[in-house]
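Hi everyone, thanks for making the time this morning. I'd like to walk you through one structure, so let me put it up on the screen.

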Amino acid sequence: MHDITVVDLSRLQFAATALYHFLFVPLTLGMTFMLAAMETVYVVTGKVIYRQITQFWGKLFLINFALGVATGLTMEFQFGTNWSFYSSFVGDIFGAPLAIEGLMAFFLESTFVGLMVFGWHRLKPGQHLAVTYLVALGSNLSALWILVANAFMQDPVGAHFNPTTMRMELNDFAALIFSSDAQAKFVHTSIAGYVTAAIFVAGVSAWYMLKNRHMELARRSFRMSVLFGVLSTAGVITLGDALGFVGAEAQPTKLAAMEGLWKTESAPMPFNLMAFPSQENQTNYGEVKVPYVLSILVTHSLTGTVPGVDVLEQRAAERIRGGIPAVSSLKMLSADPNDPVAMNQFNTHQKDLGYGFLVKRYADDVTTATDEQIAQAAKDSIPHVATMFWSFRVMVLLGLGMLAFFVLGLIYTLRNTVQYKRTFLKFAVWMIPAPFLACEAGWLVAEIGRQPWTVYGLLPTWMSASTHSVGYMVFSLIGFVAVYTVFIVIEMYLMVRAIRKGPDDGNGDAELDRGDLSLPASRKTLAEA
Amino acid sequence: MKTFIQFSIFMLIAGLAIVLAIILGDCGAWYFAWLVGTVMIVLIAAVGGALLDAQDERAAALALERKDGKH
Ligand code: HEM
């Protein structure tokens with residue numbers, strides 16, 4: 001039997017490392033494409049200022065990239081060390097995307113990052129631009145694979161459980177990659193990275209404008225970042241809606257928790273703008289409701305409904321009862337894999353197998369589970385509502401706020417007056433943490449919302465962990481948090497230092513020259529400009 | 001010859017785009033939307049930068065004209 005403290009500590013450790021890691025990832029995902037946009041202007045127009053701009057932001061990208069890679073590595077090891085049962089259970093499915101992610105990250109992304117950084121004087125402008133695009137594609141495609149793996153945990157398609165090997169086996173790779181969840185999740189996350197990069201570039205550029213430094217660099221970077229940002233934020237909102245829509249089908253418990261929907265309501269359902277959900281009493285306090293909106297948001301119609309916690313708990317209890325024979329048949333099959341009675345029993349009940357595992361937490365021999373134990377396990381099938389409710393709203397609110405920010409910024413920059421809007425510029429600097437916060441909130445929604453499962457409906461979290469001692473877990477958790485905090489401090493220090501220093505090869509106010517692309521890259525120094 | 005090579009490259013890109021659209025469109029269109037959307041976002045941001053230069057150049061030219069007019 002698993003020690004629940006160890007399971008909780010394993011969760012905490014994964015959550016801590018993932019949340020730290022995801023402070024670095026979005027900037028990498030988005031910055032690469034912003035660099036591509038900046039360098040495209042350099043190659044097309046030949047204006048040296050754009051090379052300066054690309055190189056300056058490229059330096060900040062590199063600081064972030066180097067530290068981000070380091071924080072990501074440990075997470076892959078954690079699957080094996082802390083989640084060994086999970087790893088063996090879904091290794092068949094999880095292994096392939098994870099391996100491709102590693103290959104993409106190390107061969108495509110890292111190789112081309114090297115060329116991008118050191119290739120300015122060795123490659124022709126067009127070649128260097130191609131490398132920059134490959135870095136952008138590589139970093140986003142390596143994210144694709146880990147998100148495909150995560151999508152499988154949210155909506156396990158393309159695989160089946162083999163009762164003889166006691167593991168999940170992949171039967172449709174295309175279904176895995178092209179599942180609606182994987183698609184929407186990848187695009188939402190990748191574009192969340194674009195938003196992050198856009199806010200970062202806009203914020204730093206605003207700081208330069210406030211200080212009246214590197215104005216040519218700052219005005220251009222600001223212009224490009226708000227255009228990049230306004231489109232990306234529109235995209236992230238669209239895909240957020242798509243994720244909610246997909247989630248309503250695949251993970252109704254997550255949706256009910258996100259919306260604080262304790263009781264199933266008839267259509268058109270109102271949306272809880274604000275509420276203080278209580279898990280014990282299964283009710284919301286201080287609700288502020290907007291009529292009709294929930295039906296429109298989650299079913300895209302006025303007549304659609306989704307089940308509330310009351311109905312979902314009932315359904316879970318039924319499925320637990322259905323899953324108990326499936327779990328007990330596994331015991332028989334492990335004694336005799338050819339037992340036809342056991343196989344028949346398994347086949348009849350296999351769709352509820354995961355729910356049978358849920359009650360195993362309370363009754364080791366599931367066939368003896370009492371009604372109270374089943375009711376408790378059914379209650380467990382609902383994630384923590386208050387955390388979900390507020391994390392979701394923080395993400396959405398920040399998303400809408402950033403959209404408004406970008407639209408205003410766009411108006412100012414198109415009028416070419418942004419450099420005089422000091423209050424707005426100050427605000428832009430303060431906006432820098434917003435997308436990072438939104439991303440962290442997004443992951444809380446995605447992962448806490450999946451509880452109590454590691455693989456939704458199939459493998460409960462409490463069964464997935466390794467059987468370490470509490471001491472070991474506490475020690476390694478403290479170690480990770482300490483090391484990662486050092487990483488963050490180093491990142492902030494290096495970033496702030498690089499920003500204060502400004503562009504390397506000049507002051508970012510280069511004369512706007514043109515037409516020097518015919519010269520070898522090595523001779524196109526700023527001095528010539 | 002140059003025109004022919006360019007024509008071939010563009011036809012190849014167009015062909016690839018269509019094939020991709022057909023394959024991905026069948027399976028749900030978000031990956032495809034990402035590809036198209038990312039290209040669009042990058043290019044519009046790039047054009048935005050170039051537009052700022054054009055605005056600056058025009059403002060400088062206008063200022064010069066005004067100065068010349070005074071003299
Ligand atoms: C404004 C409207 C938004 C909506 C409706 C929305 C919706 C969602 C939903 C439903 C999830 C959970 C996905 C799952 O269960 O797997 C999610 C996750 C996430 N969101 Fe958002 N989101 C919005 C804005 C944003 C913004 C502005 C950002 C960051 C800039 C962001 C970043 C994320 C991230 C990083 C995740 C976790 C990864 C994932 O599951 O895709 N979201 N979002």
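Let's start at helix α18 of chain A, residues 470-501, where you can find Arg500(A). One thing to keep in mind from here on: this is a predicted model. Arg500(A) has a relative accessible area of 53%, so it counts as exposed. Leaving aside residues up to four places away in sequence, Arg500(A) touches Trp207(A) and Arg213(A).

Now to the loop between α6 and α7, with α7 covering residues 215-250 of chain A, where Asn212(A) is found. For those of you who like backbone torsions, Asn212(A) is not a glycine, yet its phi is positive, at about 60°.

One runs from Ala267(A) to Pro268(A), with omega near -10°. Pro268(A) sits in the loop between α8 (252-258) and β3 (271-278) of chain A. Another cis bond goes from Gln451(A) to Pro452(A), and there omega is near 10°. You'll find Pro452(A) in the loop between α16 (433-448) and β5 (453-455) of chain A.

Next, the metal. Which residues coordinate the iron atom of the ligand? They are His188(A), through NE2, and Met395(A), through SD, at 2.1 to 2.3 Å. The iron atom has six donor atoms, the angles among them run from 85 to 179°, and the site is octahedral. What I like here is that the pair links distant parts of the chain: His188(A) comes from helix α6 (residues 180-211) and Met395(A) from helix α14 (residues 385-414), 207 residues apart. The cut-off for calling a residue buried is under 20% relative accessible area. His188(A), at 15%, therefore counts as buried, and so does Met395(A), at 17%.

Let's stay on helix α14 of chain A for a moment, because it is also the place of Ile411(A). Ile411(A) has 36% relative accessibility, so we call it partly exposed. The C-alpha atoms of Ile411(A) and Arg223(A) are separated by 9.9 Å, although the two residues are 188 apart along the chain.

Over in helix α4 of chain A, residues 125-154, we have Ala151(A). With a relative accessibility of 1%, Ala151(A) counts as buried. Its contacts, not counting residues up to four places away in sequence, are Ser179(A), Asp181(A), Ala182(A) and Lys185(A). From Ala151(A) to Phe186(A), 35 residues apart along the chain, the C-alpha separation is 8.8 Å.

Helix α10 (residues 309-335) and helix α12 (residues 353-360) of chain A pack at an angle of about 90°, and their axes are 6 Å apart. That angle is why we describe α10(A) as roughly perpendicular to α12(A). On the α10(A) side, the contact includes Ala316(A), Arg319(A), Ile320(A) and Gly323(A), and on the α12(A) side Leu353(A), Tyr355(A) and Phe357(A) are among the residues involved. Sorted by class, the contact between α10(A) and α12(A) has ten nonpolar, two polar and two charged residues.

How many of the eight residues of α12(A) are buried? Seven are, so α12(A) is largely enclosed by the rest of the structure. Those buried residues are Leu353(A), Gly354(A), Tyr355(A), Gly356(A), Phe357(A), Leu358(A) and Val359(A).

Finally, have a look at Asp352(A), in the loop between α11 (340-349) and α12 of chain A. Its relative accessibility is 7%, so Asp352(A) counts as buried too. Not counting residues up to four places away in sequence, Asp352(A) touches Arg319(A), Gly322(A) and Gly323(A).

Methods
Residues are numbered from 1 along each chain as its sequence is written. Chains are lettered from A and ligands numbered from 1 in the order in which they are written. This is a predicted model: local features need pLDDT of at least 70, side-chain atom pairs count only at pLDDT 80 or more; totals for chains, interfaces and linings use all residues. Side-chain values use heavy atoms; hydrogens and water are left out. Axes are lines fitted to C-alpha atoms, for helices over the stretch in contact, and angles run from 0 to 180 degrees between N-to-C directions. Helices (H or I, at least four residues) and strands (E, at least two) are DSSP runs, numbered from the N terminus. Angles under 35 degrees count as roughly parallel, over 145 as roughly antiparallel, 65 to 115 as roughly perpendicular and the rest as oblique. Contact means heavy atoms within 4.5 Å. Ala, Val, Leu, Ile, Met, Phe, Trp, Tyr, Cys and Pro count as nonpolar, Asp, Glu, Lys and Arg as charged, and the others, Gly among them, as polar. Donors are N, O and S atoms within 2.8 Å of the metal (3.2 Å for Na, K and Ca); water is not among the atoms, so sites may look incomplete. Four donors count as tetrahedral if all angles lie between 85 and 135 degrees; four count as square planar and six as octahedral if opposite donors are over 155 degrees apart and all others between 65 and 115; anything else is irregular. Buried means under 20% relative accessible area, exposed over 50%, partly exposed in between (1.4 Å probe, protein chains only).
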